[in-house]
Amino acid sequence: MMRRLGFSVRCRNWIRVCVFCGNIFVLVNGCLTEEVNIQIGLKQGDPLALFLFLLVVEGLNALVRAVGARSLYHGFKVGTSGLSISHLYYVDDTLFLGEAIMVNMWALKTILRCFERASGLKLNFSRSYVMRVNVDAEFLGLVESFLYCKVGSVLFTYRGLPVGANPRLEKTWQPLLQLLSSRLGSWGNKYASLGGRMVLLEEDCLPPEEVPLVWG
């Protein structure tokens with residue numbers, strides 16, 4: 001995939017070294033174990049993992065486009081201009097949009113299985129959800145048994161944000177505001193630099209009308 005996207009040989013070799021030549025130590029009760037060669041893969045929390053995942057998912061994007069070009073998968077049509085949306089990406093999540101027809105179900109299952117074989121990634125259907133908008137519940141049950149996934153509702157929380165709720169209501173954003181308030185309360189400026197702490201101390205010592213504005 002990196003070769004098809006135009007990455008140079010040197011850059012591909014660098015990535016190969018990061019993936020296949022990693023060594024780690026394990027901290028057990030405050031003591032380091034012997035060095036372990038992980039042989040393949042990235043360490044947990046490695047910032048390179050997300051970028052490599054996005055490159056691999058480009059293969060899935062190509063599969064969906066190829067199937068859509070042959071009219072084997074029918075996406076969701078937006079407006080009257082003929083624009084059709086078949087899938088969306090956000091971080092490491094993928095959302096498929098389409099008409100409620102069995103042709104789409106067969107195409108979707110084939111796309112995901114082919115992506116598994118090509119990429120080596122394992123898709124967990126039991127953690128995936130199928131949702132309906134103006135679709136018969138009987139068809140939704142058929143899709144559930146066909147794809148071996150769960151049935152979800154449009155009103156749900158994603159990354160801490162409510163999806164499907166009325167964004168104009170205060171109660172919609174109240175859980176998010178409470179979460180942010182609790183996180184800020186526990187922060188307690190303990191991660192501020194020495195200069196940042198000095199600024200906070202100066203602000204506490206000045207009268208309200210003389211508090212400086214600090215732009216970061």
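Mentor: Start with contact, which means heavy atoms within 4.5 Å. Leaving aside neighbours within four places in sequence, Thr172 is in contact with Pro162, Ala165 and Asn166. Two cautions. This is a predicted model, where local features need pLDDT of at least 70, side-chain atom pairs count only at pLDDT 80 or more, and totals for chains, interfaces and linings use all residues. Residues are numbered from 1 along each chain as its sequence is written, and side-chain values use heavy atoms, with hydrogens and water left out.

Trainee: In which helix does Thr172 lie? Is Thr172 buried or exposed?

Mentor: Helices are DSSP runs (H or I, at least four residues), as are strands (E, at least two), numbered from the N terminus. Thr172 lies in helix 5, residues 170-187. Buried means under 20% relative accessible area, exposed over 50%, partly exposed in between (1.4 Å probe, protein chains only). Thr172 has 10% relative accessibility, so Thr172 counts as buried.

Trainee: How do I read the span of helix 2?

Mentor: The expected span is 1.5 Å times one less than the number of residues. Helix 2 (residues 48-69) has 22 residues and reaches 32 Å from first C-alpha to last, close to the 32 Å expected. After helix 2 comes Ser71, with a positive phi near 60°.

Trainee: Which residues of helix 2 are buried, and what covers them?

Mentor: An α-helix has 3.6 residues a turn, so residues three or four places apart point the same way. In helix 2 the buried residues are Leu52, Leu55, Val57, Gly59, Leu60, Asn61, Val64 and Val67. Their cover includes helix 1 (9-20), strand 7 (87-90), strand 8 (93-96) and helix 3 (102-119).

Trainee: At what angle do helix 2 and helix 3 pack?

Mentor: Two packed helices are described by the angle between their axes and the distance between the axes. Axes are lines fitted to C-alpha atoms, for helices over the stretch in contact, and angles run from 0 to 180 degrees between N-to-C directions. Helix 2 and helix 3 pack at about 145°, with axes 10 Å apart. The contact includes Val56, Leu60 and Val67 of helix 2 and Ala107, Ile111 and Phe115 of helix 3.

Trainee: How are helix 3 and helix 4 oriented to each other?

Mentor: Angles under 35 degrees count as roughly parallel, over 145 as roughly antiparallel, 65 to 115 as roughly perpendicular and the rest as oblique. The axes of helix 3 and helix 4 (residues 137-147) come within 11 Å and cross at roughly 20°. The two are therefore roughly parallel. Among the residues that meet are Met102 and Trp106 in helix 3, and Phe139 and Leu142 in helix 4.
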